[in-house]
Amino acid sequence: MRFHLLGPVAVHAGDGTPVALPGARARAILAMLLISRPDAVSATRLFETGHTAKDPVNALHVQIAKLRAALPEPRLLSEPGGYRIVTHPGEVDADAFAEACARGRTLARTGEPEAAVPVLRQALDRWRAPVEFDFADAWRAEMEELRLTAIETAADAEIALGRSADVLAELTGLVARHPLRERPAALLMRALAAQGRRPEALVVFGGLRERLADELGADPSPEIAALHLDLLRTDDRLHAQPRSAQPQALTRNPASHPIQPPAPAANPTPGNVPHPIGHLSGRDTALADLHDLLHSHRLVSITGPGGAGKTRAARELGHRLRDTYRDGAWMVELASVARDGAVLDAVSATVLPGEGVGRDRLLSWLRDREVLLVLDNCEHLVDDAAAAVSTLLGLCPRLTVLTTSREPLNVEGERPYPLAPLELADAMRLFRDRAPAARGDDAELARLCGRLDGLPLAIEIAAAGTRLFSLGEIGSRLDELANAARHAPARHHSLRSVLDWSHDLLTPAERRVFAGLSVFQDGCVFADAERVCGADAVVLARLVDKSLVVTGRDGRFRLLETVRVYAAATTDTQEFRDRHADVLLAFAREVYDGLSAPGQDALLTRFLAELPNLRAVTTWLLDTGDGPRAIALQGLLGYFWYVSGREAEGAAWLGRAIDCFDADPRPGCDGALAVALAWHSYLAWMSGALPDPWLPAERVLGLFETTEAKDDVRIALVAITVVAVHLRPELAQQCLDDTEKALAGLHHPWIEAILDAARSDLHRRAGDLEEAVAAATANLRYFESIEDRFGVLYSQLRLGDAEEHAGREDLARTRWAHARDAALDCRSPVKRGYAELRLAYLDLDPAAIEAVRHDAVKLAAHDLAAAATALLGVAHAANGDVDTAVDLFRQTVSTTRALPIRTAVAAAHLVALDGPQWADELARAVERITDPLHLAALRALLAELPGLDGLRPALPAQPVCTPLAALV
């Protein structure tokens, strides 16, 4: 069995099948028992895991009984002292993490940094935030300390190996997050000094000394003080590193290393901050102050009540400063982001559109760029925004962040700037600008603007009322509403009064639509407003006229965030949220059907517009425990997550939806569950989101055997077949046969095309190349016929691979060029990179390979970057530049987020070029390879390398192939 304490509490049986635990309290009990091992836990302590019950003893016995019944083996024992859980070595993920950390520290301490780094990095890659229960605080702190120590030890070893540049960003972030911890500061000082940046290292020490003195009244330890003194005297010793461990820049000697990374494309106005419409009244002083603050602080927060004009001021400032920052100003709207840690995803989707979202890709892109990042509307997720900003500023030294929020983020180094209300003259000017025909004199207007506290949003909403009322009438109404709202906070009186007044003027139909629109995130199209809240064109037009609803060029109807929060509080929105979920489910079915048909680009554009709503609906379904609709919705989205490049996000949503369903399974959902599990397996394999993506696939196969609704489940077998080809090749043919049998009589050309792709891969792995080409050609023809650009892209890649395998390089070149063009058409830069790398492989062109590598690093596409780095090493070795080749292969071996074949290729070349000390690394990498084609391609590659005769016989001789699959 396997027990999980890192991440959500979970259990897997010996065959890898997830165990459905009976509920939240049972998970808490299991967590307490696991954390307390090997000791027993008293019933008194176990009472802490649940709410007080009338009969707590009986309630606990019920939970223990349910937990025992759920576990596939009798591991939960009753003892005189309470209860105890029995585990065996290696069964608890937290134990495995701790053991790996200890092993890595031992290797580092005994002078084996080369062996310590991969052990520690692999352990850290498996890290997930530990379970969060009150009783686990001390244990969780111990685990966090283990993680921090592992990061520090790995960084120390990397510096010792001459790879200080690789850990600078990591250490900078660690120092920012743990400003009083001395070891990260010392390591950062050493890494900076090793890079010739001694002044910056001295600044790190000065900052640490000040923080220790201010917050603890202490001085730095003797060890770090000695390092500081050493830096002051000389940096020669810190710079001295073994020649073989020093990375050699490809551009350090233009005569001998002509390869230059391509210069970034020129862009005179990078960023996305929209051009303001009209003059921003009364904010000249504030804008000047904010301008000065952004030149001296990396984090500035514009604060103030709702309606103060924070967003408008940030937009104006971002527009004015867009040319001041080399890489532009980017504005990220967070009002529609849920409270689930998705802030970094929202930033990534804004600054790196078109290839999905991802924290690593974002950090890689921002790390060396000079950017002004504007995060708008942070108030509803202050903690998430604070964590995201801390991470970004810690790892991206040239980044400046401007936020808008009703309260500061309370991040170290933040400079809040409260945005004051408009001066009376400016408030009057804004009112007259919005309502030039208002009935009333300046005295009445002055009194009204005074009652509105100079809040721009309140002024604009009140100005909309002048179509029906005079200034005096509006002012009188505000007096009544302000008196009624006297118990509210003073700063909210005017805005609340205006909203109350506007709401009171609405007809019942308008009030219903106004409240219903609050469930939408980032707006909606008219048809959805009609379905969810019964809106008609006349009602919506009247709400727009009253400035309560705004419209954009995209035709969507939106509520400003302040107004949306107010609207949601005017009534119980349960009915609207339920309809919202049904509307989004219907939309997901439409997209699921339409993504495999012509017009795919237009449908994807619509889908991207609805992503905030899809995330919001899924979150609501999960929060309310509606597992059936959650798995149905996310299962329908599976192909969208794939073609949009959001595999990791899709895998995460699917995992949460499946967990929600498993917590309260319902009958009649086998089909939806199977589809969700299948996409979870596929997307987790593509993104690395699960340690073993085959586990949900096995569950689908078991479900098909036991369900009575086989017609509903059989469609999920297609994805399982594709995954089996790569993860379980010994089962792949049987999976394909079973799937074909299950789908007999179902006429579905798109599914048949997917099975053609699986057949092509199977034929190629069996060495039957003509059949592989024929199946891939049939696959391509179908996708071309329905204008599925994503299908065309993958078909061309697959067909080119089969042609090259058959020795027809000219045909392969043509196919890969078509794949590159298709990737450009559908805005898939990572897939384009794989196509470009295949083309570069044919000619072994260092310049072309370096260009792919450069782009992959920018995109944080780790496997593509590792493949390009290894192939570049092959090119340099072929040209006789052994030193540079060895450096590139070492870089590849140190990569932990790539397919194991990349490490195997690099380690094999290091054995041949640098010595047998790399043999163990090679053996470990080979053990991790499951794809027979990769192993056969590696054997073909080894035929050209000396010193590897002992390994070659252990690799499969079939299929006979070229090194392509190993290198690309």
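Trainee: Why does Cys396 count as buried?
Mentor: Keep in mind that this is a predicted model. Buried means under 20% relative accessible area, and Cys396 has 0% relative accessibility, so Cys396 counts as buried. Cys449 passes that cut-off too, because its relative accessibility is 2%.

Trainee: And how do you know that Cys396 is too far from the closest cysteine sulfur for a bond?
Mentor: A disulfide needs two cysteine sulfur atoms within 2.5 Å. The closest cysteine sulfur to that of Cys396 belongs to Cys378 and is 17 Å away, so the pair is too far apart for a bond. By this rule, the count is 0 disulfides.

Trainee: Let's turn to the helices. What makes H28 and H30 roughly antiparallel?
Mentor: Angles over 145 degrees count as roughly antiparallel. The axes of H28 (residues 627-636) and H30 (residues 647-663) cross at roughly 155° and come within 8 Å, so the two helices are roughly antiparallel to each other. Their crossing is left-handed. By class, their contact has 9 nonpolar, 3 polar and no charged residues.

Trainee: Why are H44 and H45 called roughly antiparallel?
Mentor: The axes of H44 (residues 900-914) and H45 (residues 919-927) cross at roughly 155°. The cut-off is over 145 degrees, so H44 and H45 are roughly antiparallel. H44 passes H45 in a left-handed crossing. Residues in the contact include Pro900 and Val911 of H44, and Glu921 and Leu922 of H45. By class, there are 9 nonpolar, 1 polar and 1 charged residues in this contact.

Terms used: Residues numbered from 1 in each chain as written. Predicted model: local features only at pLDDT ≥ 70, side-chain atom pairs only at ≥ 80, totals over all residues. Heavy atoms only, no water. Buried < 20%, exposed > 50% of the residue type's maximum accessible area, 1.4 Å probe, protein only. Axes fitted to C-alpha atoms, helices over the stretch in contact; angles between N-to-C directions. Helix = DSSP H or I, 4+ residues; strand = E, 2+ residues; numbered from the N terminus. Parallel < 35°, antiparallel > 145°, perpendicular 65-115°, else oblique. Left-handed = near helix turned anticlockwise from the far one by under 90°. Nonpolar A, V, L, I, M, F, W, Y, C, P; charged D, E, K, R; others polar. Contact = heavy atoms within 4.5 Å.
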